[in-house]
Amino acid sequence: MPQKKSSKPQTGPKLTVTLRKSTIGFNKDQAKVVQGMGLRRIGHSVALPDTPATRGMILKVRHLVEVGE
């Protein structure tokens, strides 16, 4: 029987990611990464957990986003 995932919010360090450039004209995979991070429009910011997966997403679109602590 599969285990249920915990719905408890993650605690710990967070990264604030802000979309600074449009995804138009870039690879469609990069647009999907931006959407997967929860960014919707230029200037929109989200707080994401500081995990290796999040760091990898940021690395893929580092030319489009700005990262704060």
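Which residue forms a salt bridge with D50, and how far apart are the closest N and O atoms? The legends below take this pair up, along with two other close-ups.

This is a predicted model, in which local features need pLDDT of at least 70 and side-chain atom pairs count only at pLDDT 80 or more, while totals for chains, interfaces and linings use all residues. Residues are numbered from 1 along each chain as its sequence is written, and side-chain values use heavy atoms, with hydrogens and water left out.

**View 1. R55 and D50 form a salt bridge.** The closest N and O atoms of R55 and D50 are 2.7 Å apart. Here a salt bridge is a side-chain nitrogen of Lys or Arg within 4 Å of a carboxyl oxygen of Asp or Glu, and the structure holds two of them. R55 has 44% relative accessibility and D50 has 29%; both count as partly exposed, a class between buried (under 20% relative accessible area) and exposed (over 50%), using a 1.4 Å probe and protein chains only.

**View 2. R20 pairs with E66 in a salt bridge.** Look for the closest N and O atoms 3.5 Å apart. R20 sits in the loop between β1 (14-19) and α1, and E66 in strand β3 (residues 65-68), so the pair ties together parts that are 46 residues apart in sequence. Helices (H or I, at least four residues) and strands (E, at least two) are DSSP runs, numbered from the N terminus.

**View 3. H44 lies in the loop between α1 (28-36) and β2 (45-49).** A polar atom of the H44 side chain is 3.1 Å from the backbone nitrogen of R40. Beyond neighbours within four places in sequence, H44 is in contact (heavy atoms within 4.5 Å) with V17, T18, L19, G38 and L39.

How values were computed
Polar contact = N/O pair within 3.5 Å; in protein donor to acceptor, adjacent residues only side chain to side chain.
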